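Please open the model in your viewer and keep the sequence panel beside it, as this tour moves from one selection to the next.

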Amino acid sequence: MKNNQLYILLFGTTLTASILFILNSIRQKKKRKQDEEQKNEYLKCKSLNEFEELAKKLMKSHRFYYYDYKAGEGHTYKACRDYFDKKLRILPRVLIDVNEISLKTNIFGCLYESPIIIAPTTFHCLANIDGEIGTARGATEAQCIYTYNWMYSTKPEDEVLKTDGPKFLHIYLTTPKEILEKIVQEAEIKGYRAIVITCDHPTDRVRDNVLPLFEEASKTIDKELNQSMPMPNMNLPDIIVKQNLSTGSITWANIEWLRKLTKLPLICKGILSPIDANLAIQHGANGIIVSNHGGRQVDTAPPAIECLEDIVNVVDGRVEVFIDTGIRSGTDILKALALGARAILIGRPILYGLACGGHNGVKQVLDILKRELIYDMACCGLSSIDEINKNILYKHS
Ligand SMILES: Cc1cc2nc3c(=O)[nH]c(=O)nc-3n(C[C@H](O)[C@H](O)[C@H](O)COP(=O)(O)O)c2cc1C
């Protein structure tokens, strides 16, 4: 090969390599910019519905589907939303001094910054690598109570407890008794303020419907998920736990048993019938969460918000009444408090906040709710949570 041919070859190769290098750098820069934009897209969300839309866009579909799941045809969930939107209307009041509005809320004799509590949900690692630690951080920053789902947490409890901020402990009565006894007895020392007990999950129906489909999808398209889905709390070294959520044999006697184990307030979650509300009190509960489990249990069960007033009436101040399912704005919160709820719990939007912006996303979801609630209180001439009552509901007797 002649010298000049060699030069041309060398020049060509160098030129091609340089062009490839430049193209690659441009591509990487573009990708970094896109990632950065995507990472900050949540900052544009102005409502909880926008968070849900963004989470749907950003999350792998089977992960989103697991969170979004509703039982049956989703009638209960839809009915909850319809009840909030169409059956309850707010009657504003004018020319009342609302210069200073406080969301401070008294729950079991403790003063909290707001009436907003994070509901117990599962597998936060589907939303963000920080899992429950991210949620706990977001709750701490927004000064809201976080209900830690002991059994289905993907992060060790002690890591979660390192975050400041008030916490409730969530338990399943189906957890083996020897474990339950231990965690309930230790709860007070660990700093939990109350214990939330799932009462509306007698069998595995939801798992049958959702988890196998979800697990199938995870195996084939979501390898990283398989690695990040440990259930540390179910794998205590000294006890081999056979997961059994379908006993169907838990009863009010289990609540009485818990009552003897701790002085912490016990909150029965998933109550819709006034009969059950009375039974909960008789067996030692200090609180009731009127809840449809986010519409994930029995389809066509009545909306929790529709059941609230009857339960508040039958309870008649003997215990605290809380509510969840379908709460998506400060306006919804105001309506629930007007019907007699002490505070509200919020489920999916927290997970969507975590998915879109990590702990900052959780904080933003909670901050939106607080801002909306403050604004609506101002429009009704209300300066404090204690002033909220049925009079702000239009033609509601
Ligand atoms: C993904 C997911 C997991 C949940 N896991 C539990 C649970 O383990 N125990 C429980 O009592 N409720 C559970 N719930 C129900 C929530 O605590 C809460 O009742 C419900 O999400 C409130 O409705 P919302 O999502 O419309 O706010 C779960 C809800 C979701 C979305």
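A salt bridge, as the term is used here, is a side-chain nitrogen of Lys or Arg within 4 Å of a carboxyl oxygen of Asp or Glu. With that in mind, and remembering that this is a predicted model, select Glu-157, Lys-182, Glu-186 and Lys-190, which are linked in a network of such bridges. Over the whole structure, a search finds 18 salt bridges.

Next, go to helix H4 (residues 75-87), where Asp-82 and Lys-78 lie four residues apart, about one turn of the helix, and where their side chains meet in a salt bridge of 3.0 Å, N to O. Asp-82 counts as partly exposed, because its relative accessibility is 24%.

Helix H15 (residues 348-379) holds Asp-367 and Lys-363, again four residues apart, about one turn of the helix, and the closest N and O atoms of their salt bridge are 2.6 Å apart. Here Asp-367 counts as buried at 17% relative accessibility, whereas Lys-363, at 26%, counts as partly exposed.

Now select helix H1 (residues 3-40) and find Ile-19 within it.

Finally, turn to the cavities, of which the structure holds two of 30 Å³ or more.

How values were computed:
Residues are numbered from 1 along each chain as its sequence is written. This is a predicted model: local features need pLDDT of at least 70, side-chain atom pairs count only at pLDDT 80 or more; totals for chains, interfaces and linings use all residues. Side-chain values use heavy atoms; hydrogens and water are left out. Helices (H or I, at least four residues) and strands (E, at least two) are DSSP runs, numbered from the N terminus. On a 1 Å grid over the protein atoms alone, a cavity is a set of points where a 1.4 Å probe fits but cannot get out, and a pocket is an open set with protein on both sides within 12 Å along at least five of seven lines; lining residues have an atom within 4 Å of a point. Grid points are joined across faces, edges and corners, and a volume is the space filled by probe spheres set on the points. Buried means under 20% relative accessible area, exposed over 50%, partly exposed in between (1.4 Å probe, protein chains only).
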